[in-house]
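Subject: Structure handover

Hello,

Please find the structure below, for you to open alongside this message. My notes on it come after.

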Amino acid sequence: MLSVALGLGLIHARDTGPSSAGQSIQGPTAAAPRSLAVDPRDGSLKTASLGVFRSEDGRRWKSIPVPAPLAQSGIGQVVVNPDKPTLIYAAGVGSGIILSEDGGTTWRRVAGLPSMAVQALAIYAFRRETLFASIRGRGIYRTENGGQEWRRMDGGPDGKPLLALVHSPLPGSMNTGWLYAGTLYGPYVSMDCF
Amino acid sequence: MGRWPTPTEAAAILVDVREPRRLFAGGPGGLFLSTDAGRIWQAIPVGAARGGWVALAQDPRRPQNLFAAAADGTLFRSRDGGTTWHPAQ
């Protein structure tokens, strides 16, 4: 995989200024959200923040129960399949990946990954059975069948810990789209996304 | 490639489903927009987010609706594809 840093270092001349909108809308828990997803059916939000939560307005959040041991070990990622919104994936370092096929009523664990330390999770831009998972210390894994089987694809950008992954449909040399990764050192991109 | 305009992390990235060369990315250094797939980034004057921006999302069926969450739980929303942002309410 060719990973390219999308720039490092210098402060931009147009760095953000002071807030012009002062109202603070608090999230579902005291913990920081790590991930947001929108349910295309009704525009409601889901977030991962030591659990999975749903909100219709961004102010009032309702917990979507997940198996307790998983919530305690930290859910930091939530992905909603845009074409089948009742299919929800949740993941975190210590939790692995769990999925619900009924909108969050029941969950089951996704097997086949080398560890539970899932740092980031992304769904393919148009081939929805394909997902990417960044496993701490192991690299980036891909499933092409909705999580049934996983295959290690790459070590990631210079082996850096990943904070976010997102797939783009932009055309690459292998016609597989691009994969962006958020890291401690800024964004990276692979333009020949395995 | 262009420069990531802050020495801090990119904690969240969003690809605009309408135009995939438009990227939003956020972190402790602010919220940024690229219109050329990540070569050049410019700051979005959303405002200060305590702890930085940590999550971004777009409504796939109403893609003008974007969301940005800060580390303190603050949630901002854009109804015009990222041009203007306001606290969600």
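Predicted model: local features only at pLDDT ≥ 70, side-chain atom pairs only at ≥ 80, totals over all residues.

For chain A the mean pLDDT is 83, and 82% of the residues score at least 70. Confidence in that chain is lowest in strand S1 (residues 3–5), with a mean of 56, and highest in strand S11 (residues 131–135), at 97. Residues 7–25 of chain A have a pLDDT below 50, and this stretch has 48 contacts in the model beyond near neighbours in sequence.

Chain A

Chain A contains one helix and 16 strands. Buried residues are 47% of its 194 residues. Of the contacts in chain A between residues at least 6 apart in sequence, 39% join residues at least 24 apart.

One open sheet in chain A is made of four strands in the order S2-S3-S4-S5, with antiparallel pairing. Its edge strands are S2 (35–38) and S5 (62–64), each of which pairs on one side only. From one strand to the next, the twist averages 30°. Inside this sheet, S3 (residues 45–48) and S4 (residues 52–55) of chain A are antiparallel and share four bridges. A:Leu45 is placed opposite A:Ser55 in S4(A).

Strands of a sheet pair through backbone hydrogen bonds, either parallel or antiparallel. S7(A) is joined to strand S6 (residues 77–80) of chain A by four bridges, and the two run antiparallel. With strand S8 (residues 96–100) of chain A, S7(A) forms five bridges, also in an antiparallel arrangement. A:Tyr89 can be followed into both neighbours: A:Tyr89 is the bridge partner of A:Val79, and A:Leu99 in S8(A) is the bridge partner of A:Tyr89. The hairpin of S7(A) and S8(A) has three residues between the strands, and in it A:Gly94 takes a positive phi near 100°.

How many residues of strand S7 (residues 88–92) of chain A are buried? Five of the five are, so the strand is largely enclosed by the rest of the structure. In a regular strand the side chains alternate between the two faces of the sheet. In S7(A) both faces are covered: A:Ile88, A:Ala90 and A:Gly92 are buried on one side, and A:Tyr89 and A:Ala91 are buried on the other.

Chain B

Chain B has eight strands and zero helices, and its pattern along the sequence is β-β-β-β-β-β-β-β. Its radius of gyration is 12 Å, close to the 12 Å that the globule rule gives for 89 residues, so chain B is as compact as a globular protein of that length. Along the principal axes, its C-alpha atoms fill a box of roughly 35 × 30 × 15 Å. Of the 89 residues in chain B, 55% are buried. Residues 24 or more positions apart supply 32% of the chain B contacts that have a separation of 6 or more.

The core

In soluble globular proteins, nonpolar side chains tend to be buried together. Here the largest nonpolar core has 82 residues, and A:Leu121 and A:Ala164 are those with the most contacts inside it. Leaving aside residues up to four places away in sequence, A:Ala164 touches A:Ala120, A:Ala181 and A:Gly182, along with B:Ala10, B:Ala11, B:Ala12 and B:Ile13 from chain B.

Two single residues

A:Gly139 lies in strand S12 (residues 139–143) of chain A. Apart from residues up to four places away in sequence, A:Gly139 touches A:Arg152, A:Asp154, A:Gly155 and A:Gly156. A:Val118 is 21 residues away along the chain, and its C-alpha atom is separated from that of A:Gly139 by 10.0 Å.

B:Ala37 is in the loop between strand S3 (30–34) and strand S4 (42–43) of chain B. Most residues other than glycine have a negative phi, and most peptide bonds are trans. B:Ala37 has a positive phi near 70° and is not a glycine. B:Ala37 is buried, with 20 other C-beta atoms within 10 Å.

Regards

How values were computed
Residues numbered from 1 in each chain as written. Chains lettered and ligands numbered in written order. Core = buried A, V, L, I, M, F, W, Y, C linked by C-beta atoms within 7 Å. Buried ≥ 20, exposed ≤ 12 C-beta atoms within 10 Å, placed from the backbone. Contact = placed C-beta atoms within 7 Å. Rg over C-alpha atoms; globule rule 2.2 N^0.38 Å. Pairing = 2+ DSSP bridges. Axes fitted to C-alpha atoms, helices over the stretch in contact; angles between N-to-C directions. pLDDT = per-residue confidence, 0-100.
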